[in-house]
Amino acid sequence: AHHGAHNSAMKPEPPTKVVIVGAGFSGLSVAYHLLQNNDERCFDIQILEARDRVGGRVHPHELVPDVHVDMGGQWVHEASKRNPIVQLCDELQIPLRYQTTKAQGKEKANAASNVVFHDMGKSVVPKGLYKTASRFFYKAVDDYEDRGITKYTSLQDMLNVALQLPHATPTRFQNDDSSSSSSSSSSSSSSSSSSSSSSSSSSEDGSEHKRSPLFQQILNYLTHRKECYEGGRLHELSANLDDMYKSLGGPDEIPVGGYHNVLQKIMQAIEASDCTIQYNCDVEKIQYCPDIGTTEQPEQQKQGNNGKDDEEEDIAYHPLWIETKNPQTRIQADYCVCTIPLGVLQHRKIRFEPDLDARHWKAIDRIGMGLLNKVMMVFETDFWSERYERFCVVHSDPTKILSFDDCTEDYGDLPVLGMLLGGDAARRLEDDFENDEAVIDEIMAALRNIFEAGGDDDNGEDGKEAGSIPERPIAYKVSRWNMDPYAYGSYSFTKTGSTEGDYDQVGKQRGNLLFAGEHTSKHHHSTVHGAWETGKREAERLMRMTKK
């Protein structure tokens, strides 16, 4: 008996059990960084993922055998040496490639970038008019002065001021969220409605182009581009917080092989460890301890369980429980890192016990969840590449704007044409089309207008001969991120009414419950590198708390 007691005293301390909810980039980052400091098996790590794959909103999809196109995160934005994804790719020995495809080969040496069409793709917008509209737009929404703006002022308001619309003064948005919402809605959710108003409310400075229907369509396209980049619609984007995002500098680049290659190498590192991942596992409830959890047995447990059953004793020793469905299980842990997207939090898909406080929920609800959808298409030939690498079709209806990118060199010279849809165009994709085939029908009609209608570009070159465009792509994939129950959107944005403090609040630790994800990154929200760095942040927090 004495010998057994001696062995018990020498028993090593059990590892700290950490459960990570979500295997997106932030969740994988928590595991990756804990495992880098886990030589002595200090942490027992388990990842619970509701999908049947890792990556979350970074979604490489196998469009054709051995070619995975990125339906979600695709770029490494601001790829300087300070970027955490650049550093990760260096560690994983994955090279990065500059985003643009222009002049990468002889056949593309003369390909034009940012060619803008109108009239359903039949005519090219004059470059001079496009440059004028572009300068006007970006001065209005990016280079404005602080003219009494408040947290309820939107970028749409700033554009309205530049267009000199009646009553377009941002200082009128100074009340509560409901008045802001109605005011912003009345000032339109797109530059189309504001621009249309401008033609009837004559421009006070006499600039003829402000009343031009084509100028208005170009503004619609520039609004669409801004909405693609930011995630939110112009009337939702905060002018007050527009500079909260901190650029890391450097160009936008793409990992060679896409994010499929990056995820594969991350998973090789994780799977080589004792970390386990459970797929198709929906988390319903997280029961946590508001006071920082500890692996030390509480004093009352040392004195006996006072008639309590074993389960109650376990709850006291491991003060965190996670309940899942499909399969229905209860998982015990010392700490939980919740990395589910902002949209899922906003839909209250997981119950917290005790409930998060009112300040936490209000911050979750004030931050915006944006939408960017993609259509990725593979063709037999890259019929567009000799003339265009990036081109679009403007429209008086902002929901019908089409914006194309040549992605051929992103995926091993496979002829891939991508289309990005933001703002109301992204919502129309999800709401107005019966199926993917209908989406492709509309896209192919526009491509035929561009390449078969014989429209002239600025150099007087004719379009291609009729019949040069295939009937349909040989493969395609359409994203619908707003309909995805494990995302409910693409990425967060600074919404009117939100504050800088909201991002801190959303990422605030609650005892042994921690939070990570791009929506908890004040300065790099909406990005893959923002998600990755928050995972590292919480891994380091865990190591400090457990002194391991």
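**Two open sheets and the cysteines**

In this predicted model, F515 of β22 is the bridge partner of C338. That contact belongs to a run of three bridges that pairs β13, residues 335–338, with β22 in the parallel sense. Zooming out, β13 and β22 sit at one end of an open sheet of five strands, which runs β9-β2-β1-β13-β22 with parallel pairing. The edges are taken by β9 (276–278) and β22 (513–515); each has a single partner strand, so one side of each is left without a neighbour in the sheet. From one strand to the next, the twist averages 20 degrees.

A second open sheet is built from four strands, and here the pairing is mixed, with the order β12-β11-β10-β14. Its edge strands are β12 (329–333) and β14 (351–353), and since each has just a single partner strand, one side of each lacks a neighbour in the sheet. Ignoring direction, neighbouring strands of this sheet are turned by 25 degrees against each other on average. At the β14 end, β10 (residues 282–287) pairs with β14 in the parallel sense, again over three bridges. K285 finds its bridge partner in β14 at R351.

As for the cysteines, a search of the whole structure turns up zero disulfides. Burial is another matter. C281 has a relative accessible area of 1% and is therefore buried. C228, at 11% relative accessibility, counts as buried too, because the cut-off for that label is under 20% relative accessible area.

Key
Residues numbered from 1 in each chain as written. Predicted model: local features only at pLDDT ≥ 70, side-chain atom pairs only at ≥ 80, totals over all residues. Heavy atoms only, no water. Pairing = 2+ DSSP bridges. Axes fitted to C-alpha atoms, helices over the stretch in contact; angles between N-to-C directions. Disulfide = S-S within 2.5 Å. Buried < 20%, exposed > 50% of the residue type's maximum accessible area, 1.4 Å probe, protein only.
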